[in-house]
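Please look through the structure shown here, and then work through the questions and answers that follow.

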Amino acid sequence: MNPRSADRGTADRGPQTADRRNAEEVPLPSAVRGPRSDYDVERIRRDFPILSRSIRGRKLVYLDNAATTQKPQVVIDRLVRYYTEENSNVHRGVHYLSEVATADYEAARTTVKKFINARDEKEIVFTRGTTEAINLVAQSWGRVNVREGDEILITAIEHHSNIVPWQLLCEEKKARLRVAPVDDDGDIILDELARLLTPRTRLVAVGHASNALGTINPIAEIIAMAHANGSLVLVDGAQGVPHMSIDVQALDCDFYAFSGHKVYAPTGIGALYGKESILDAMPPWQGGGDMILSVSFEKTTFNALPYKFEAGTPNIEGVIGLAAALDYVSLAGIENIAAHEHDLLTYATGRLREVDGLRIIGTAKRKAAVISFTLEGVHPHDIGTILDREGVAIRTGHHCAQPLMMRFNIPATSRASFAMYNTRAEADALITGLHKVIEVFR
Ligand SMILES: *Cc1c(COP(=O)(O)O)cnc(C)c1O
């Protein structure tokens with residue numbers, strides 16, 4: 001591996017130029033034809049081939065986007081092109097294909113950097129996803145910085161991915177995991193969070209938005225409170241990146257984690273942002289190739305950021321696919337997507353409220369387009385099954401947030417979650433399906 005060649009900037013290198021020429025021959029996604037102000041959801045839908053398939057003889061209505069999103073043709077094509085024309089290992093060969101793959105891999109890091117407005121590519125570490133990014137911080141940063149009696153503060157609204165890694169760390173270190181409560185709307189009670197910030201609080205780990213309830217947390221405020229207390233902040237951005245514009249410098253968070261598959265990219269790829277000075281001081285997490293400069297049996301010298309944290313052959317096609325997805329989102333405009341999803345949230349919430357016996361769980365003032373609900377007298381699993389017969393895909397269960405379900409005294413909910421390609425007509429199909437559920441069960 002030659003970190004310097006990877007560091008040197010890739011934009012003006014030969015293989016990249018060749019690649020650009022190829023890219024120009026690929027038709028633009030239809031999302032970008034036409035002015036940005038006119039967000040044409042029907043044109044966007046045509047970019048996602050799976051949306052035109054039918055399920056059990058019905059048109060697919062995919063409302064499980066908080067679990068994973070569908071992929072636009074440009075992302076699928078990019079993966080095919082990678083394997084058809086560029087497949088090679090990165091950071092290793094001097095041969096042409098390895099240079100192409102390395103250039104594209106590092107260009108993707110720049111794309112991620114720009115997408116979340118990080119200062120430097122060194123601050124972007126590729127991981128398998130949000131879960132791995134959080135575990136990296138818990139294991140690497142946590143092992144060095146958390147001692148017996150210290151505290152990690154999370155909230156009652158977290159995904160298991162932002163609970164369990166901290167539990168494991170706290171167990172190992174005899175540290176204490178503290179939990180800021182939420183109110184009946186699903187909003188974090190900030191006064192309680194403030195009260196739980198103590199001189200022992202080493203880190204606050206908080207979700208940007210809840211996958212279970214949709215609550216958009218006031219993370220800028222929480223980050224300011226934590227920093228005033230001398231605590232670092234990790235943001236679980238799995239539901240942030242797909243739904244709103246992210247500026248890690250403006251937020252001033254210390255870590256920000258997200259998953260590609262929730263933002264129209266392939267599975268198995270995600271990223272951890274960390275402030276350079278903090279990442280620099282952290283020990284490596286996994287050992288192997290690519291994360292070292294030199295190895296002898298006596299001593300190994302570790303590579304520079306971000307390679308120190310990327311042991312082994314990475315998910316090259318995932319990284320390249322992630323960049324294609326983020327480019328696609330940027331072309332459609334994340335603000336346009338946010339506005340479109342907000343319209344769907346408002347519309348679907350209004351229509352769901354008309355359904356007899358339906359209770360919406362999660363009524364925070366600021367929400368992402370996620371609606372969890374219960375229906376009197378019907379188990380969520382039955383709701384999901386009957387809706388599936390209508391071609392409507394929703395999620396039922398605890399949404400990887402069992403403590404949160406307990407807080408609301410329910411074992412499970414049904415959850416409809418919307419993305420850039422959903423329509424009001426699909427919200428209507430959900431309502432029609434729910435009326436069928438009621439016919440069957442009442
Ligand atoms: C999906 C999700 C995660 C976990 O992401 P993985 O892709 O499974 O690693 C964590 N937090 C939230 C809020 C999520 O929605």
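Q: Leaving aside its neighbours within four places in sequence, which residues is D187 in contact with?
A: This is a predicted model, in which local features need pLDDT of at least 70 and side-chain atom pairs count only at pLDDT 80 or more, while totals for chains, interfaces and linings use all residues. Residues are numbered from 1 along each chain as its sequence is written, and side-chain values use heavy atoms, with hydrogens and water left out. Contact means that heavy atoms lie within 4.5 Å. When neighbours within four places in sequence are set aside, the residues in contact with D187 are P181, V182, T215, A364 and K365.

Q: Is D187 buried or exposed?
A: D187 sits in the loop between strand 6 (176-180) and helix 8 (190-196), where helices (H or I, at least four residues) and strands (E, at least two) are DSSP runs numbered from the N terminus. A residue is called buried under 20% relative accessible area, exposed over 50% and partly exposed in between, using a 1.4 Å probe and protein chains only. Because its relative accessibility is 14%, D187 counts as buried.

Q: Which residues are around the ligand?
A: A residue is taken as near a molecule or strand if one of its heavy atoms lies within 4 Å of it. By that rule, the residues around the ligand are T130, T131, H159, S161, A209, N211, D236, A238, Q239, S259, H261 and K262.

Q: How many nonpolar, polar and charged residues are in the shell around the ligand?
A: For this grouping, Ala, Val, Leu, Ile, Met, Phe, Trp, Tyr, Cys and Pro count as nonpolar, Asp, Glu, Lys and Arg as charged, and the others, Gly among them, as polar. The shell around the ligand then has 2 nonpolar, 8 polar and 2 charged residues.

Q: What distance separates a nitrogen atom of the ligand from an N or O atom in the side chain of D236?
A: A polar contact is a pair of N or O atoms within 3.5 Å; within protein, one must be able to donate a hydrogen and the other to accept it, and residues adjacent in sequence count only if both atoms are side-chain atoms. An oxygen atom of the ligand lies 2.8 Å from a polar side-chain atom of Q239, and an oxygen atom of the ligand is 2.7 Å from an N or O atom in the side chain of S259. For the nitrogen atom of the ligand and the side chain of D236, the distance is 2.6 Å.

Q: Which residue has a side chain joined to that of T130 by a polar contact of 2.5 Å?
A: T130 is found in helix 6 (residues 130-145), and it counts as buried because its relative accessible area is 5%. Leaving aside neighbours within four places in sequence, T130 is in contact with D236, A238, A257, F258 and S259. The polar contact of 2.5 Å joins the side chain of T130 to that of S259.

Q: Which residues of helix 14 are buried?
A: Helix 14 spans residues 380-389, and just after this helix G391 takes a positive phi of about 85°. The cover over its buried residues includes strand 14 (370-375), strand 15 (392-393), strand 16 (395-397), strand 17 (413-417) and helix 16 (424-441). The buried residues of helix 14 are P380, I383, G384, I386 and L387.
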